[in-house]
Amino acid sequence: MIGFGQAGGKIVDKFIEYDELTGSNIVRSAIAVNTAKADLMGLEHIPEDNRVLIGQARVKGHGVGADNELGAEIAEEDIDEVQGAIDNIPVHEIDAFLVVAGLGGGTGSGGSPVLAKHLKRIYTEPVYGLGVLPGSDEGGIYTLNAARSFQTFVREVDNLLVFDNDAWRKTGESVEGGYEEINDEIVRRFGVLFGAGEVGSGDNVAESVVDSSEIINTLSGGGVSTVGYDAEGVETTGSGGLLSRFKGDDDNIESANTTNRITSLVRKAALGRLTLPCEIEGAERALLVVSGPPKHLNRKGIERGRKWLEDQTGSMEVRGGDYPIDEPNVAAAVLLSGVHNVPRIKELQQIAIEAQENIDEIQDESEENLEALVEDDEDELDPLF
Ligand SMILES: Nc1nc2c(ncn2[C@@H]2O[C@H](COP(=O)(O)OP(=O)(O)O)[C@@H](O)[C@H]2O)c(=O)[nH]1
Ligand SMILES: [Mg+2]
């Protein structure tokens, strides 16, 4: 996992924390890359040796502001320094690279597509992006940065997982406090998905395990992905002991409850707020992961949820599995890959096009003005040369 820029670094830092708390083993190695020294120093979990400060010759550790063109230039110039950190990790042990960045700023916005392109050139492992879109209240430059970065990033990675800050903004909250909660949400959602692929044979044996190849297959084919999630509290102790085996009717009722709980969780996950809001119809592939205590998971529920997702998306490629974990809740995470009907992306593309037209217009205008100026000059003044 490579966090590029401030948001990227903070989110990767959180994934490590999540791993430590849950024992998920998602992150084999973590690297943070930044042009701002202070941002790197603010990280808590990424090892100091894996924090790479780039662009020192150009910006002296002070960052690039929101200048993503400078961010991209610096990433290209100093890619060897990033590669130096990657050389220290056992790449043969990883399933994929994940490059994480906020796309509205400068360093991550400009640098993450450059890094993704570099990784694709060197390695055979898939390279995924996790791109965070800015809130619409952040202002025009952030939106424009995101629009341009998004276009490039999605082209360079094998799949771009997207989280839209704008859809998750809460009014009346401090930005920092807001990010704290938002980052928890990001890590919870992607954590369930990625964690499911790490269940080893020594763990609670899942009825139908999701392995990493199923995640990779769901993400293959490229495009943009979004994640839905919902959870419900359950008791981890109580019934389900030895005695309950003799109460046949109760068992049936409980099994029906388990199935119904899972099917409605799947619906709420897919129809509720997605990391990137969109129409789920037309998604090319999907993956359903249901996590929770083993006795609250069953094949029937997952199969029904999976079928329902096939109907709703119209996709023939919907995978599903369970992820047994000792937590007092059952959760459904739905990864929708290759989504097309995404209003926010259309909006970003429109903004990028308009901005480009604006720039062209301003250029044309200034050329015309210059010509007019020169003509005027010819009338009234002696030419300088
Ligand atoms: N979800 C989330 N988004 C963030 C966070 N910090 C910044 N952002 C978003 O990421 C964008 C880029 O900011 P930042 O990462 O500081 O820029 P960079 O350091 O130049 O790459 C901002 O416009 C915000 O939309 C964070 O902690 N969490
Ligand atoms: Mg910042």
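Trainee: Why are α1 and α6 called roughly perpendicular to each other?

Mentor: Start with the values: α1 and α6 pack at an angle of about 75°, with their axes 6 Å apart. An axis is a line fitted to C-alpha atoms (for helices, over the stretch in contact), and angles run from 0 to 180 degrees between N-to-C directions. Under 35 degrees counts as roughly parallel, over 145 as roughly antiparallel, 65 to 115 as roughly perpendicular and the rest as oblique. About 75° lies in the 65 to 115 range, so α1 and α6 are roughly perpendicular.

Trainee: What should I know about the model and the labels?

Mentor: This is a predicted model: local features need pLDDT of at least 70 and side-chain atom pairs pLDDT 80 or more, while totals for chains, interfaces and linings use all residues. Residues are numbered from 1 along each chain as its sequence is written, and chains are lettered from A and ligands numbered from 1 in the order in which they are written. Helices (H or I, at least four residues) and strands (E, at least two) are DSSP runs, numbered from the N terminus.

Trainee: Which residues make the contact of α4 with α6?

Mentor: Asn68, Glu69, Leu70, Gly71, Ala72, Ala75 and Glu76 in α4 meet Thr107, Ser109, Gly110, Gly111, Val114 and Leu115 in α6. Being in contact takes C-beta atoms, placed from the backbone, within 7 Å.

Trainee: And what makes α6 and α7 roughly parallel to each other?

Mentor: Their axes come within 9 Å and cross at roughly 5°. That's under the 35-degree limit, so α6 and α7 are roughly parallel. Among the residues that meet are Ser109, Lys117 and Lys120 in α6, and Asn145, Phe153 and Glu156 in α7.

Trainee: Why do β3 and β9 stand at the edges of the sheet?

Mentor: The open sheet has 10 strands in the order β3-β2-β1-β4-β5-β6-β7-β10-β8-β9, with mixed pairing. Both β3 (51–53) and β9 (317–324) have a single partner strand, so one side of each is left without a neighbour in the sheet. On average, neighbouring strands are turned by 20° against each other, direction ignored.

Trainee: How do you know that β7 and β10 pair?

Mentor: Pairing takes at least two DSSP bridges between two strands. Strand β7 (residues 224–233) and strand β10 (residues 329–337) run antiparallel and are joined by nine. One of the partners in β10 is alanine 331, bridged to alanine 231.

Trainee: Which strands does α6 touch?

Mentor: Packed on the sheet, α6 touches β1 (2–4), β2 (31–34), β4 (97–102) and β5 (127–133), and its direction makes about 165° with that of β4. Helix α7 (residues 140–156) packs on the sheet too, touching β5, β6 (159–164) and β7.

Trainee: Which residues come nearest to ligand 1?

Mentor: Of the 20 residues around ligand 1, these are Gly5, Gly102, Gly104, Gly105 and Gly108. To be near, a residue needs its C-beta atom, placed from the backbone, within 6 Å. The largest share of the shell, four residues, comes from α1.

Methods: Two residues are in contact if their C-beta atoms, placed from the backbone, lie within 7 Å.
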